[in-house]
Amino acid sequence: MSDLGTPDNPLRAAIVGSGPAGFYTAEALLANDDVSVEVDMFDRLPTPFGLVRAGVAPDHPKIKNVIRRYEKTAASEGFRFFGNVEVGRELSPAELTERYHAAIYAYGSSTDRRLGIPGEDLPGSHAATEFVAWYNAHPDFADREFDLSCERAVVIGNGNVAADVARMLALTREELEQTDTADHAIEPMAKSGIREIVVLGRRGPAQAAFTNPEVRELGEMIDADIVIDPAECELDPLSRAYLESDGADITARKNVDIFTEFSHREPEGKRRRIVLRFLCSPVEIRGDGEVESIVIGRNELVEGSSGRLSARDTGEREELRCGLVFRSIGYRGIGLEGVPFDEDRGVIRNEGGRVLDDEGGQVEGQYVVGWIKRGPSGVIGTNKKDAQETIDNLFSDLERGHVPAPAGAADGSSIEELLAERSPDAVVSYAGWKAIDAAERQRGEPLGRPRVKFCTIDEMVEAARSGEPVGAE
Ligand code: NAP
């Protein structure tokens with residue numbers, strides 16, 4: 001339709017997922033003064049903001065300030081939120097395609113990568129992603145139990161999630177009680193018997209994926225010493241040559257400086273220790289019915305075909321007693337029936353955010369942004385540029401007449417009618433979310449906490465009901 005994108009015939013976009021990628025996408029769509037756009041955003045939870053709510057560590061409240069920007073987008077004319085609506089459950093991708101000019105998938109990477117070693121599934125061995133979701137009050141994980149009574153926990157991986165987990169395990173009760181950590185997690189974490197948290201990196205200090213502030217924080221814990229064996233901090237010749245080269249990554253250089261400073265510290269005798277180990281891969285998790293130890297293989301670094309230094313097993317082994325293992329080796333995306341998926345990479349098959357079919361042809365009307373587009377990498381802000389790329393391509397498709405007209409009724413009421421049939425009284429609008437938000441903040445106020453989160457869908461829906469009339473806004 002040639003007048004598509006005019007006030008009489010706005011471009012209607014469905015965004016599936018309300019995390020940073022979804023919100024930057026909505027912002028990019030609604031910021032275009034030349035095209036009239038209506039955005040309907042869906043989330044499987046009644047609450048928006050994805051990993052900003054359920055992933056960012058509770059002791060990092062400043063990172064969550066980005067929500068203010070998303071709130072401005074949500075207040076824009078043409079924006080609606082449909083919470084507690086899962087695409088793949090209440091709605092199918094085909095039903096979106098029937099009702100929208102563009103369906104934009106922004107649902108992230110919801111599962112964890114597997115180590116593929118014996119003992120990985122023993123009780124006491126957990127995906128870090130699940131622990132994170134539990135202490136952040138994600139309703140799917142609220143009834144999980146983590147036995148934190150052991151003395152030593154091992155965190156596998158050298159990314160920021162591993163840093164978050166190590167830090168959270170080392171917080172004091174006083175620190176935890178100032179945060180929005182889930183109520184069910186505060187007591188077990190405050191009473192935890194853990195005295196040592198060992199973080200294993202399979203490569204060396206120069207290859208750690210941590211960002212500098214996250215590393216620095218590990219050395220600033222109120223009641224935990226940071227410990228690195230100076231010998232493990234020694235750089236191998238290949239890493240040293242890389243760090244001295246002009247092309248060296250500044251974050252890596254700085255990380256190595258910080259690690260080196262840590263390795264010269266004398267422990268102050270604090271209640272806990274965070275021990276960073278390098279060139280250590282988990283080989284096996286052992287135990288009779290539960291985690292009792294982990295077998296670590298010693299690695300050396302070798303130049304891989306892509307120029308990347310990779311870890312090679314030296315055959316040397318060490319067994320470390322521990323009662324808990326957190327596997328923090330990255331998230332992984334899962335597919336959605338009806339949308340082409342690249343199983344190897346765990347992303348929706350795409351080029352520049354345009355969804356591609358198995359033969360590489362564009363699937364008109366389908367787009368993708370964020371982790372489910374590029375994989376689980378980057379910080380929150382990375383999603384802004386990523387979303388802009390996809391939306392630039394969508395607008396370019398619009399200009400070239402490659403945005404198909406939906407087969408069904410392309411107006412705002414048809415989705416409301418469908419949802420009223422499928423999910424009566426359960427859909428949470430943005431006004432409903434604001435009621436949840438207000439109730440959570442109110443619960444936190446007398447305790448001096450930013451909020452006390454609801455941990456079940458029922459509580460959330462009930463709080464939403466007590467606010468503005470619920471339904472599409
Ligand atoms: P990540 O940054 O990709 O780190 C994954 C880590 O796991 C890497 O150290 C990787 O080592 C290691 N690993 C992968 N496979 C392994 C294996 N088989 N055995 C042992 N180690 C293995 O992933 P993430 O920590 O889950 O974080 C995801 C994204 O969220 C990142 O971009 C991160 O920066 C971001 N994030 C940011 C913040 C923040 O800004 N505060 C907080 C949390 C997360 P190799 O390098 O050798 O592959």
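**An open sheet and the chain around it**

Seven strands line up in an open, mixed sheet, running β3-β2-β1-β4-β20-β19-β18 (strands are DSSP runs of E, at least two residues, numbered from the N terminus; two strands pair if DSSP finds at least two bridges between them). At the edges sit β3 (79-83) and β18 (350-351), each with a single partner strand, so one side of each has no neighbour in the sheet. Strands β19 (residues 354-356) and β20 (residues 362-368) pair in the antiparallel sense, over two bridges. Leu356 has Gln362 of β20 as its bridge partner.

This is a predicted model, in which local features need pLDDT of at least 70 and side-chain atom pairs count only at pLDDT 80 or more, while totals for chains, interfaces and linings use all residues. Residues are numbered from 1 along each chain as its sequence is written, and side-chain values use heavy atoms, with hydrogens and water left out.

As for the whole chain, it holds 17 helices and 20 strands (helices being DSSP runs of H or I, at least four residues). Its radius of gyration, taken over C-alpha atoms, is 24 Å, close to the 23 Å from the globule rule for 473 residues, so the chain is as compact as a globular protein of that length (the rule is 2.2 Å times the number of residues to the power 0.38). The C-alpha atoms fill a box of roughly 70 × 55 × 40 Å along the principal axes.

Of the 473 residues, 55% are buried (under 20% relative accessible area, 1.4 Å probe, protein chains only). Among contacts (heavy atoms within 4.5 Å) with a separation of 6 or more, 76% join residues 24 or more positions apart.

Note on methods: Buried means under 20% relative accessible area, exposed over 50%, partly exposed in between (1.4 Å probe, protein chains only).
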